[in-house]
Amino acid sequence: MSSSRQTALASVLVGLVAALLTVSCATKPSPDLGDAAVLGPDEGALLVRFHAVQATGLLAIHHGAVSLPYAAFAIQPNEDLKVVKIKAAEGLRISTYKVGNKMAYFDNTKLNFDVRPQTITYIGDVFVDEQAKYVGLRLADNEATTRALAVSIYPSLFARYGYAKYIPGIKKQ
């Protein structure tokens, strides 16, 4: 192998390791919103409900092909409903879910969604499958139940802001 090829391969490997370390160590989770929270003119909120979480995990969201995480959800054991503030953008995607040293990766062509300004966006219910050697996720459309629960917890937030459903790559079940 030529030295220029070795150098290129080494650069790619260093970039991959740096991206993985960034996701696993430096991603700062987005804070949960309260009912009195205010969304700025360029901010929206993500609504997600998690099921079967047994260990602390981190769901990372990327913007387009950018390697650094755009936002993240920190999920605690047995926690379910999350509403977090996020900068509004098109072409966001669910990219990884990390539990300890196990990580699930997702096909970025199927898990894309948009978050509009001043809008609460439901992106699905996430079912977590934590096994000894891997972690898996499945997205489902349980909007009626999840939205009713969210409105009961955050009535003022839902009264002040718009609502959108944008489930990445999911057919209604």
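Student: Where does Tyr154 lie?

Tutor: This is a predicted model, in which local features need pLDDT of at least 70, side-chain atom pairs count only at pLDDT 80 or more, and totals for chains, interfaces and linings use all residues. Residues are numbered from 1 along each chain as its sequence is written, and side-chain values use heavy atoms, with hydrogens and water left out. Helices (H or I, at least four residues) and strands (E, at least two) are DSSP runs, numbered from the N terminus. Tyr154 lies in the loop between α2 (143-153) and α3 (155-160).

Student: Is Tyr154 buried or exposed?

Tutor: Buried means under 20% relative accessible area, exposed over 50%, and partly exposed in between, with a 1.4 Å probe and protein chains only. Tyr154 has a relative accessible area of 9%, so Tyr154 is buried.

Student: Which residues does Tyr154 touch, not counting residues up to four places away in sequence?

Tutor: Contact means heavy atoms within 4.5 Å. The C-alpha atoms of Tyr154 and Gly34 are separated by 7.2 Å, although these residues are 120 apart along the chain. With residues up to four places away in sequence not counted, Tyr154 touches Leu33, Gly34, Asp35, Leu81 and Val83.

Student: With which residues is Leu46 in contact, leaving aside its neighbours within four places in sequence?

Tutor: Leu46 is one of the residues with the most contacts inside the largest nonpolar core. Leaving aside neighbours within four places in sequence, Leu46 is in contact with Ile61, Phe73, Lys82, Val83, Val84, Ile86, Phe113, Val115, Thr121 and Ile123.

Student: What is the length of the polar contact that joins the side chains of His51 and Asp125?

Tutor: His51 is placed in strand β1, and His51 is buried, with a relative accessible area of 18%. A polar contact is a pair of N or O atoms within 3.5 Å; within protein, one must be able to donate a hydrogen and the other to accept it, and residues adjacent in sequence count only if both atoms are side-chain atoms. Between the side chains of His51 and Asp125, this contact is 2.7 Å.

Student: How far apart are the closest N and O atoms of Asp80 and Arg49?

Tutor: A salt bridge is a side-chain nitrogen of Lys or Arg within 4 Å of a carboxyl oxygen of Asp or Glu, and by this rule the count comes to 4 salt bridges. Asp80 is partly exposed at 31% relative accessibility, whereas Arg49 is buried at 16%. In the salt bridge of Asp80 with Arg49, the closest N and O atoms are 3.8 Å apart.

Student: Which residues are linked with Asp141 in a network of salt bridges?

Tutor: The side chains of Lys165 and Asp141 meet in a salt bridge of 2.6 Å, N to O. Lys165 lies in strand β10 (residues 162-165) and Asp141 in the loop between β9 and α2, so this pair ties together parts that are 24 residues apart in sequence. The residues linked with Asp141 in the network are Glu143 and Lys165.

Student: Within what arc do the buried residues of α2 fall, seen down its axis?

Tutor: The buried residues of α2 are Glu143, Thr146 and Ala150. Seen down the axis of α2, they line one face of the helix because they fall within an arc of 75°. The arc is that of the directions from the helix axis to the C-beta atoms, and its value here is 75°.

Student: Which residues of α2 are exposed on the other side?

Tutor: The buried residues of α2 have a cover that includes β1, β4, β8, α3 and β10. On the other side of α2, the exposed residues are Ala144, Thr145 and Ser152.

Definitions and conventions: A nonpolar core is a set of buried Ala, Val, Leu, Ile, Met, Phe, Trp, Tyr and Cys residues joined through side-chain atoms within 4.5 Å.
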